[in-house]
Amino acid sequence: MDALAIATMVKDVFGGAVLAVDQPEVEPVAVIEPANVAEVARFLRETPELAFDYLMCLSGFDTMPTEEDHPARNTPEEDTGAPSTETAAPPLGVAYHLFSYSHRHRFAFKAHTPRENPHIPSVAEIWPAADWHEREAFDLFGIIFDGHPDLRRILLPEDWVGRPLRKDYAAQESYRIGDACVQIARGW
Amino acid sequence: MPLKTEEMILNVGPQHPSTHGVLRLEVTTDGELVTSAEPTIGYLHRCFEKYAETLTYQQIIPYTDRLDYLSSMNNNFGFVVAVEKLMGIHVCERAERIRVIMAELNRIASHLMFIGSFSNDLGAMTPFLWCFRDREEILKIFEEVSGARLLYNYYRIGGLAADLTPGIEEKIYSFLNQFEAHMLELDDLFTRNAIVIARLKGVGMIPREMAIAYGLSGPMLRASGVDWDCRRDEPYSIYASLRFEVPVGGEKLGALGDCYARYLVRRAEIDQSVSLVRQCLADIPPGDVKEQVKRNVRPPVGEVYVRTENPRGEIGFYLRSDGSTKPSRVKVRAPSFCNMSVFSRISKDILVADMIAILGSVDIVLGEIDR
């Protein structure tokens with residue numbers, strides 16, 4: 001089934017939980033209300049005509065613009081089509097890319113979550129592959145996946161401070177290993 | 001009176017030859033039996049994805065070499081295909097043919113490395129040396145073409161860094177002829193070796209449903225009986241115009257989803273890659289392989305997820321462009337990362353020696369797991 005048709009089907013069932021369909025011509029990505037992610041995922045996995053049994057990729061991302069000099073599209077307003085509210089901090093997001101081996105079709109959706117208190121329901125029960133991917137997004141973006149069986153850092157040390165892939169991450173000057181404080185070398 | 005036994009926690013790695021890099025396995029053992037094995041990754045994390053956000057698209061290519069350092073050509077390939085899709089660039093036929101030749105030669109080199117290190121894990125030294133003898137010939141070809149032996153940085157968005165050197169076709173042909181004979185010798189030594197079969201048959205079974213649920217890809221997935229190959233079923237580059245078979249575990253290739261099936265699938269893929277290289281070499285049209293785009297490409301605003309078939313499985317690039325010369329997000333869906341996530345699930349109540357065989361059969365590269 002074509003991705004736009006799948007998006008319409010999801011919209012028929014979940015109504016307002018589907019906020020928009022992004023870039024319909026290139027590679028359609030449905031934007032989902034974050035609270036509904038697990039339900040939508042379960043629907044996509046268990047509906048026989050969809051049967052998305054394979055989670056290809058789960059990626060966290062940050063919508064904060066990298067540079068000031070070019071207009072960024074990746075604000076929540078432009079992604080969802082909602083009127084602009086300039087005071088809100090740019091949210092974080094998670095993108096899900098799915099594939100079905102039985103029907104050989106693919107689908108992508110994403111959800112935004114506020115920067116200060118990022119929460120998204122875990123899909124690790126639906127696709128075990130999400131387990132490590134969600135740990136990675138938690139590790140590098142600080143997104144909390146509610147209901148994840150074992151949410152802890154995966155790539156960085158347990159005592160690392162900060163979430164490096166956020167655009168406003170400031171690199172640490174020093175790092176504690178046990179009782180010793182190691183100064184991180186600069187300028188080479 | 002029964003003897004009281006205690007479970008022992010054993011750390012395999014991070015510095016241990018069987019872990020193929022810096023991976024730590026926290027293994028709980030009950031005598032010779034492994035009751036659980038929990039992998040700890042991240043020792044090689046070097047913030048590739050963060051770096052990528054500060055570099056232009058062409059500048060990222062050499063960093064992709066370092067993801068899966070045993071198949072740098074394929075990583076380059078995956079990344080440039082993703083950017084080309086984002087930008088809608090068409091690449092000339094000659095460049096595409098050379099790309100496929102290099103990618104398939106690199107697949108052979110990578111699978112040779114797998115067979116070598118896998119046999120080493122099982123306690124056999126000879127196949128390792130035999131495989132490295134042939135891999136060396138491929139590295140010589142790569143060195144002549146790209147100037148490097150391991151990290152090639154050969155592909156460019158919209159083309160290639162350099163054309164083929166004069167006379168390289170004959171060198172590739174003579175390598176292939178010699179190599180096919182060597183592979184028959186390897187079959188006698190390793191593939192049909194009774195000890196090898198006894199060590200691998202029925203070890204580390206991954207059923208079809210588990211393989212899909214854990215997101216396995218590449219030979220790991222096909223060994224479990226899923227007939228899927230990105231090159232054939234979601235063709236990129238010129239794969240749609242080439243003829244090749246996709247080896248799948250099951251009836252033709254031994255049992256389903258065990259270590260031996262994973263070995264056999266890779267062994268059969270080597271033959272297919274040889275055939276693909278021959279098909280491409282036979283008919284390379286003239287043309288200019290140098291990229292026809294600017295050095296600082298500026299893809300339109302948008303996001304794509306593009307996957308290609310690496311020796312280890314599906315390498316996916318999730319790219320978000322904000323319309324500038326630098327990507328806003330580059331996420332690498334590394335095949336080894338997903339393949340490794342099933343490891344603790346299948347390493348329960350097995351012998352320690354079998355655990356090493358299973359780890360070898362996953363064929364991990366820590367460079368792309370940790371990124």
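Predicted model: local features only at pLDDT ≥ 70, side-chain atom pairs only at ≥ 80, totals over all residues.
How do β1(A) and β2(A) pair, in the parallel or the antiparallel sense, and over how many bridges? They pair in the antiparallel sense, over four bridges.

Residues are numbered from 1 along each chain as its sequence is written, and chains are lettered from A and ligands numbered from 1 in the order in which they are written.

A word on confidence. pLDDT is the predictor's confidence in each residue, from 0 to 100. For chain A the mean is 80, and 81% of the residues reach 70 or more. Two stretches stay under 50: residues 68–73 of chain A, with eight contacts beyond four places in sequence, and residues 80–86 of chain A, with seven such contacts. Contact here means that the C-beta atoms of two residues, placed from the backbone, lie within 7 Å.

Now the layout of chain A. Four helices and nine strands are found in chain A. Helices (H or I, at least four residues) and strands (E, at least two) are DSSP runs, numbered from the N terminus. Read from the N terminus, the order is α-β-β-α-β-α-β-β-β-α-β-β-β. Of the 188 residues in chain A, 41% are buried. Buried means 20 or more other C-beta atoms within 10 Å of the residue's own, exposed means 12 or fewer, and partly exposed is in between, with C-beta atoms placed from the backbone. Among contacts in chain A between residues at least 6 apart in sequence, 55% join residues at least 24 apart.

Next, the sheet. Five strands of chain A make an open, mixed sheet, in the order β1-β2-β5-β4-β3. Because β1 (18–22) and β3 (54–62) of chain A are at the edges with a single partner strand each, one side of each has no neighbour in the sheet. From one strand to the next the twist averages 20°. Two strands count as paired if DSSP finds at least two bridges between them.

Back to the first pair. On to the next neighbour: β2(A) and β5(A) pair in the parallel sense, over three bridges. V31(A) has K110(A) as its bridge partner in β5(A). Then β4 (residues 92–99) and β5 (residues 106–113) of chain A run antiparallel, joined by eight bridges. In that pair H97(A) is opposite A108(A).

Helix α1 (residues 3–14) of chain A lies across β1, β2 (29–32) and β5 of chain A, at about 170° to β1(A). Axes are lines fitted to C-alpha atoms, for helices over the stretch in contact, and angles run from 0 to 180 degrees between N-to-C directions.

Take I32(A), which lies in strand β2 of chain A. Why does I32(A) count as buried? Because I32(A) has 24 C-beta neighbours inside 10 Å. Beyond four places in sequence, the contacts of I32(A) include L19(A), V40(A) and F109(A). The C-alpha atoms of I32(A) and L19(A) are 5.7 Å apart, with the two residues 13 apart along the chain.

Last, chain B. The contact between the chains takes 34 residues from chain B and 32 from chain A. On the side of chain B that touches chain A, the largest share, five residues, comes from β6(B). That side has 13 nonpolar, nine polar and 12 charged residues. For these classes, Ala, Val, Leu, Ile, Met, Phe, Trp, Tyr, Cys and Pro are nonpolar, Asp, Glu, Lys and Arg are charged, and the others, Gly among them, are polar. That is the end of my part.
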